[in-house]
Amino acid sequence: MATFPAINPSFGQRKISKPNIKSIRYADGFEQRQLIGIAAHQNPKNYSLKFENITEAESDTIEYFLNERALDQASFTFTPPGEDYSKTGTYSQSGTTITITITDHQLFANDSITVDFTSGSATDGNFSVVSLTSTSIFTITAANADADGQTGNCTVTKSGASQFVCKTWNKTINFANRATISATFEEVFEP
């Protein structure tokens, strides 16, 4: 799987959410809405990005990369600006259920996270969020049961990386050896 080159877009990017919702409106005005698809894939994002005043070499790197993805029809890994984070909190473990408390964790069920248990005896690793109790509490499942009542501190990291395709982009040469590339990255979900 290809990863987008390490060239950061300029500030001012635009993020568009596109929930997969089917609406049915009945004659009496009643409307029913239903999300379509697998829960984790309900709300793909589109990012309108600009790479402004980058060098001609950087613009060539981006163009070459996007051309290659157009030819092989493959998605690529990209981390949108501001979508990754690392937060600290506390945890408690009972059996294989680990409950983590982090103020305003901004996670959803099925999000992939990395947890570093900085104290206590839980085992570090990559996990999926199992359930949300509140905006500050969520659970994950450990591979092995631990003694009930284990507690400690932890650091949760969400990479923010997703799979994207880019169907359109353009390049403007603003000055000698300087260019701007505008592109729209569409999030895709693949096995």
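Which residues of H1 are buried? I looked this up first, taking buried to mean under 20% relative accessible area, exposed over 50%, and partly exposed in between, with a 1.4 Å probe and protein chains only. In H1, the buried residues are Glu56, Ser59, Ile62, Phe65, Leu66 and Arg69.

I note that this is a predicted model, in which local features need pLDDT of at least 70 and side-chain atom pairs count only at pLDDT 80 or more, while totals for chains, interfaces and linings use all residues. Residues are numbered from 1 along each chain as its sequence is written, and side-chain values use heavy atoms, with hydrogens and water left out.

**Helix H1.** I then checked what these buried residues pack against, with contact meaning heavy atoms within 4.5 Å, and found strand S1 (2–3), strand S5 (45–55), strand S6 (76–78), strand S12 (162–175) and strand S13 (178–188). Just after H1, I found Gln73 with a positive phi of about 55°.

**Overall fold.** The order along the sequence is β-β-β-β-β-α-β-β-β-β-β-β-β-β. The radius of gyration is 21 Å, well over the 16 Å that the globule rule gives for 191 residues, so the protein is more spread out than a compact globule; this radius is taken over C-alpha atoms, and the rule is 2.2 Å times the number of residues to the power 0.38. Along its principal axes, the C-alpha trace spans about 65 × 55 × 30 Å. Of the 191 residues, 33% count as buried. Among contacts with a separation of 6 or more, I noted that 69% come from residues 24 or more positions apart.

**Positive phi values.** Asn53, in strand S5, has a positive phi near 50° and counts as partly exposed at 38% relative accessibility. Asn110, in the loop between strand S7 (85–101) and strand S8 (112–117), has a positive phi of about 80° and is partly exposed, with a relative accessible area of 43%.

How values were computed
Helix = DSSP H or I, 4+ residues; strand = E, 2+ residues; numbered from the N terminus.
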